[in-house]
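Keep the coordinates open while reading.

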Amino acid sequence: MGAAGYYATVLLVYLGTDLLAAWGMNLEFGVAGVANLAYIVVIAAGAYTYAVFALPRATANGGFQQYILGLHQSFAVSVLAAAVVGALAGILIGLTGLKRLRQDYQAMVMLVVSLIAATVIGADTGFLNGDIGLSLIPNPFANLAPTTASWAYVALVALACLVGLVVMRRFTTGPLGRTLRAMRDDEHAVAAAGHSVVNLRLVVQAVGGAFGGVSGALLVAFIGGWSPGAWAYAETLAILTAVIVGGMGNTAGVSAGAFVVYLLLLQGVQFLPQFAAHPGLSEDLGWMVLGGLTIAFIWLRPQGIFPERRPRLGIARFATAGAPPPREEAGLGGAAAPPGP
Amino acid sequence: MSTIRRRVTLALAGVGVVAATVIAAGPAAARLVPAASSSTISVGVVAPFTGPAAEFGQLLSVPCYVGTALINRAGGVLGSTLKCVPVDDTGDPADAVPNVTKAIATTSNFQMAIGLETNTAATTIPLLSRAKIPFFTTNGLVSYNHTTDPYFWRATPADNANGAAFVAFAAHRGWRRIAVIFENTASNEANLPGVMAAIPKENARAVINLSIPGDSSSYSSVVERVLAAHPQVLIFSADPQTTATFLSEYQQLNHNSVPPMITATESLTPDFYDTVSKVIGTSYITHHLYLVGAYFSTRSVAYKVYAKEAYANPLTHKLASTILAVGPPASAYDGLNIMALAMLMAHSTKGSVYDRYITQVVSKKPGAVVVQSFAAGKRALAAGRKIQYEGVVGAITFNRYHNFAGSFAVNVFRPSKAGVLVYVIPGAEVSRLLG
Amino acid sequence: MSLFVDAVGFGIASGAVIALGAVGFTVQFGISNVLNITYGALMTLAAYLGLVLVGWHLSVWLALVVVAVVIGGISVAFNRALVSPLVQRGASPFGLIVVTVAAGIVLQYVVTAIAGPQAQTYGEQGNSSIGVLGMTFSVAQVTIIAITVVVMLALHLLLTRTQLGRAMRATASNRTLARSCGIATDRVSDLAWLLSGMLCGAAGVALAITVVSFDFTLGATFLIPMIAAAVLGGVGQPYGAMLGGLVVGLVTQITGALWDPSYQDVVALGVLIVMLLVRPRGLFGAAWSARRLLA
């Protein structure tokens, strides 16, 4: 049946793009240790890049929307451009991470970057059509029959996820993965072993950013529209919750986290009964539960449902109860087993 | 310590409940068995019910509740009754897609929709068209002025026409030095191109043109700049909150004198009246504040039917006074009646079938009875007569792009907080300014 | 030129409200070492509590005081129930900031679910204007400026002239050392959260008065300029935050006056980022708590 089938494809496409986003954030945060609370901006940058590469010139559709570029490029070129811009954004964010700011300061800078970006894009109507945003963003399968097109798109997103998974593995396992984890936990040791911490970190940031860029591009090509309303800073919290709930640093865990947060929780509340007197209540509830979930996990199980596997005796990542965490702590803290009252 | 534990447990229990509900609802939804009997037709109100624009959802539900109540009281459509289903587009074009798709997939007999406002129209309209569900949109996007989407219907003017109407009224009053101040949000910004296109055609001048952020702590500096430009009139479009802050500071900085302001009818509400009159007094608000929007007569039978039910219905009476003077919700109510009458004419409640009858419901034709409510239309059709529906927004003629933009009304507040019509701007005049 | 002078006046007026909130934010951070993003949602809650009181025909200024006390209590409870236990479990600064962001979102949605999304107002409050040195203020603005100045003076006396104030400063600069000197750091911490909560409550109501019309996004909108002010003055320093508030207010209004009002908030935020990246100790260096700014 058309409608249910289409709903399934929509959910799959969203799940795929959310997975890419969660993986990218996990690379930056779980692997490189950069607390990027502006990750949604990277995704937005990818989406806008795809849009202005794929769209024809702004004058083409009667000039009802204004934007830069309008290069009318193919899907592949536009997605690639989005990946590059995402990577650049990741590097830029990584550079701020190099300043030896305390982690919560870094997080705050990112939060503010998120707000500024939305304000600037919203204020400048000639750049990316302001607050109204862009529409008629081309879908690569627009010429196919609707059902075929949506399933073809699911396949495309699945392919992207597969590629993403291969890349993720390279960064989380094997010698590179071990080096990166060691860097997150104790960068001096890694530097002493002859690695350039700065380069390593920037590479991970670039790859994490590219994930975000591609995630945004794939989403926007599917839904056809994009505006500042789509990337409010709270969206980053949803991705972060996926990473925290699933288990930072663990690809399978983070994937499970994305599934729980996006499908079970944020889509799940759509199935709650509606009250005529208060029609938005169930969605409000979704966000309340999301916030509660984040707090509960940081409190009770900061390592997530599926903790990162530690192949060898790692350097202690979580501080013990009572003592302050090490200075470059990347984790969320909290002893795994809470002491009795 | 134990209270804290309990709190966390409670939070986790909440998660459990949601998860359980999802699991319970999941298979039922996937089976797609209509939950209610198939004699209920669902009317989607696609609008934000959460997020920063959540107020829209509540306001747009009013025409739906009013329309469905009246249609059901008249015996429903082909043996079916109508039911409103809120579909939360959250105001976020990305989040809207799964929510609207979900509603389409799981709502039994989803055959008509209203809403689809500016923030999310670009991503939600294709979803309804794809599902062959006819809809009356209240979005103001200029991009739909020439749409070829067969399921798209709009009986409210596009934003650029609104903007041009502001200028037409300023010119009518002889105000040529115009200050143009718009909040930089989607719904307000969209009016700007129309304003700027119309100003030179009326030999007027934009002495200052500023775009301001919403909900700022102070607009004093903006006010000072506007004062320095010595405008005769302010063309202003922002949310009521920003408007109140702005007017308050203007009055304070200009020794209690504020030039006339032209703004959109969306502000023609008792809440706005209360806020602004508390802020700068009733004299200004009843004499110098002009609210421009789609014209409709409050004397027509159609309006009386609409207003009476809006005040009587327990679901809508609280918001009735807020929306009764505003064009877009009225056009949604008319849309509902038109779609229901088209179903009767088509002898089908299927979107893909009745959609083709929509133009015939409203078109002028010899021998047709003019009807101003669904009930009257149903009676006339049952008697074998041809009908021409005239709604709250007046006689409707769709152009070939399924758009209808009538004349514009200029209202001012009365001390009773209701609006009174002071001037009508013909649709042709607005088209000329945009041409 | 007169436009500039006017903008300075407006900057002082809007800076006073920002300073009120920023000082609370900074005092609490200085002592507990937690960047509390929930502060924004608490200001929103304060504005709505004020609305309830104004609905009971309380004067707004009395409402401001009552709300300040209530939010002060909530703030202490928030610390005891959530923040302090997490700190004891050794949660990292990033974990804590995420917790406070999440708690803020939960609180904001609870307020929305109860109060609804529509805009609210206390009504007009002392709108007649007063001229000072060519600048124009409303009575309400002057009252808020006065409140801010009085609060700052009281805070100054508390910190410098009382035993308690010395204990607070000691706790802020080195908690462990303070504890071993016999200072009841937990009580001092409670007091810091109480004070900060009271300032937060007062700022929430003051904001609602200043902007005339507000909705549930009030706190989220104004938290950022307040953080900017706090950072500008060097986080943890009340005087710095005060000056920071003034600077942020001036920057916003002067941008609005001389450039594009659309960017007035962007410029304030830009100041914050530049400060954080270039000079995280704040404009004035810092004796009080410089060490906590860098890892």
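The notes below take chain A, then the sheet of chain B, then one residue in that sheet.

The model is predicted. Chain A holds 12 helices and zero strands. Chain B contributes an open sheet of five strands with parallel pairing.

**Chain A**
- Its pattern along the sequence is α-α-α-α-α-α-α-α-α-α-α-α.
- Chain A has 341 residues, and 61% of them count as buried.
- Take the contacts in chain A between residues at least 6 apart in sequence: 77% join residues at least 24 apart.

**The sheet of chain B**
- The strand order is β2-β1-β3-β4-β5 (chain B).
- Strands β2 and β5 (152-153) of chain B form the edges, each pairing on one side only.
- Strand β1 (residues 40-47) of chain B pairs with strand β3 (residues 110-115) of chain B in the parallel sense, over five bridges.
- Within β3(B), Ala113(B) is the residue opposite Gly44(B).
- Helix α3 (residues 93-106) of chain B lies across β1, β2 and β3 of chain B. The helix runs at about 155 degrees to β2(B).

**Val87(B)**
- Val87(B) sits in strand β2 (residues 81-88) of chain B.
- Why does Val87(B) count as buried? Because it has 30 C-beta neighbours inside 10 Å, and 20 or more are enough for that label.
- Leaving aside residues up to four places away in sequence, Val87(B) touches Gly44(B), Val45(B), Val46(B), Asn99(B), Val100(B) and Ala103(B).
- Ala113(B) is 26 residues from Val87(B) along the chain, with 9.5 Å between their C-alpha atoms.

Terms used:
Residues numbered from 1 in each chain as written. Chains lettered and ligands numbered in written order. Predicted model: local features only at pLDDT ≥ 70, side-chain atom pairs only at ≥ 80, totals over all residues. Helix = DSSP H or I, 4+ residues; strand = E, 2+ residues; numbered from the N terminus. Buried ≥ 20, exposed ≤ 12 C-beta atoms within 10 Å, placed from the backbone. Contact = placed C-beta atoms within 7 Å. Pairing = 2+ DSSP bridges. Axes fitted to C-alpha atoms, helices over the stretch in contact; angles between N-to-C directions.
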